Amino acid sequence: MRRMGCDYRCLLIPAALAFFYIQMRLFVTQSEYEDRLAAAIESENHCTSQSRLLIDQISIQQGTIVSLQEQNKRQSEECRQLKALLEDLERKGLKKLVDKVPVAAVVIMACNRADYLERTIESVLKYQSSIASKYPLFVSQDGTDPNVKSKAMSYDQLMYIQHLDSEPVHTERPGELIAYYKIARHYKWAMDQLFYKHNFSRVIILEDDMEIAPDFFDYFEAAAALLDKDKSIMAVSSWNDNGQKQFVHDPYELYRSDFFPGLGWMLTKSIWDELSPKWPKAYPFSIENHKGRQFIRPEVCRTYNFGEHGSSLGQFFQQYLQPIKLNDVKVDWKSRDLSYLMKDKYTKHFADIVRKAKPIQGTDAVLKASNIEGDVRIQYKDQPDFERIARQLGIFQEWKDGIPRTSFKGVVVFRYQTTRRVFLVGPDSLRQLGIKDARNI
């Protein structure tokens, strides 16, 4: 029995040793497993971090790729447009103009009236085609109307340029029309293009709703010499606001005016050098830009404005624009002596005509004017008085920038019923004209 107990004890010792050995092995194995698990977790965290970094880098690269794609798209479109314009230029042979000196570039300002533009282009080409080298023709479109662009580019005889302006318009006063601001931007852009990019010395500006007279280009060529000689002339116009059929007669007669007529006009690069840097946001042709200079205008208009639709003219068109007389006489302007229009001669020239006119007065002066042969003059006291007389006669009543339309030294002249001229004379006009011996009227 004692031997058996001894044997059990002897067996317990190896068993205990084996147990401790197994425990040690398990402890070592567990420690190794924990180390490996920690290493695996650390590795996983590192991989996650690297993955996130890679994802961020990919996102940045994708943004860069999208930006580059958009930039490439824009550049491709610009290249396409430039290529189209170059092909158009080469196709039309306008490169030949480099070796010639034109009288003036002619630009038709257009926007969204393709049918009107076509009528204007056809009218211009009727008289321009034979002298195209003297008057290279452009159409400047404001905006993206596809019909206008297509119509302009369908003509081989002209160059198309396009003004794209996405900048929002902020009017300076409540209720103002945005259109006045957009028109001012378009004019400045187009003039900068023609004077500075294409380097023309003069530009004639037309709108997309005008027809021109047979002697339109001869008139402006003769007037170009006046512009070059007399720096007191700011621009030459083909328009007379009182040019309705019943108020005009002589296609040879030209006048100086303190009022800017517009509607078919020519200016020089030297004048534009002055105007361009300070071009107003809207209403650019105000008196404050004139600096005492004047404009040349004809008695009989060399342009006709047919733009009844697409505007807010309404009754104004019916009363003032539709009855305009477009000159149909082919005047030989090259043989005409226009020196009387120079600053040092014109005031005396005009004063002599006014002095000879018979003065009439009274509230029935308009009735008296109808019964007198020869030129007459009627004095007005102020703007309301002028408007009253003008209303009776049927001429333009409007004043702008403190002066009546078409006036020179406050005098408005027009034909009335026959070939007689009527002079509406301001309260200070005779003094400005140096008429000292005139009878009181």
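A salt bridge here is a side-chain nitrogen of Lys or Arg within 4 Å of a carboxyl oxygen of Asp or Glu. The model is a predicted one, so local features need pLDDT of at least 70 and side-chain atom pairs count only at pLDDT 80 or more, while totals for chains, interfaces and linings use all residues. Residues are numbered from 1 along each chain as its sequence is written, and side-chain values use heavy atoms, with hydrogens and water left out.

The structure holds 27 salt bridges. One of them brings the side chains of Asp352 and Arg355 together at 2.8 Å, N to O. Both sit in helix H8 (residues 343-356), and because they are three residues apart there, about one helical turn separates them; helices (H or I, at least four residues) and strands (E, at least two) are DSSP runs, numbered from the N terminus. Asp352 is partly exposed at 25% relative accessible area, and Arg355 is partly exposed at 28%. For these labels, buried means under 20% relative accessible area, exposed over 50%, and partly exposed in between (1.4 Å probe, protein chains only).

Other salt bridges reach across the chain. Lys134 and Glu221 pair through their side chains at 3.3 Å, N to O. Lys134 is partly exposed at 29%, as is Glu221 at 26%. Then there is Arg421 with Glu253, whose closest N and O atoms are 3.9 Å apart. Here strand E16 (residues 421-425), with Arg421, is linked to the loop between strand E6 (233-237) and strand E7 (254-257), with Glu253, 168 residues apart. Arg421 is buried, with a relative accessible area of 13%, and Glu253 is buried, also at 13%.

Tyr304, in strand E10 (residues 303-305), counts as buried at 14% relative accessibility. Beyond its neighbours within four places in sequence, Tyr304 has contacts (heavy atoms within 4.5 Å) that include Asp209, Trp239, Gln322 and Ile324. A polar atom of the Tyr304 side chain lies 3.0 Å from the backbone oxygen of Gln322.

As for cysteines, a search of the whole structure turns up zero disulfides (pairs of cysteine sulfur atoms within 2.5 Å). Cys301 is buried at 0% relative accessible area, whereas Cys111 is partly exposed at 33%.

Methods. A polar contact is a pair of N or O atoms within 3.5 Å; within protein, one must be able to donate a hydrogen and the other to accept it, and residues adjacent in sequence count only if both atoms are side-chain atoms.
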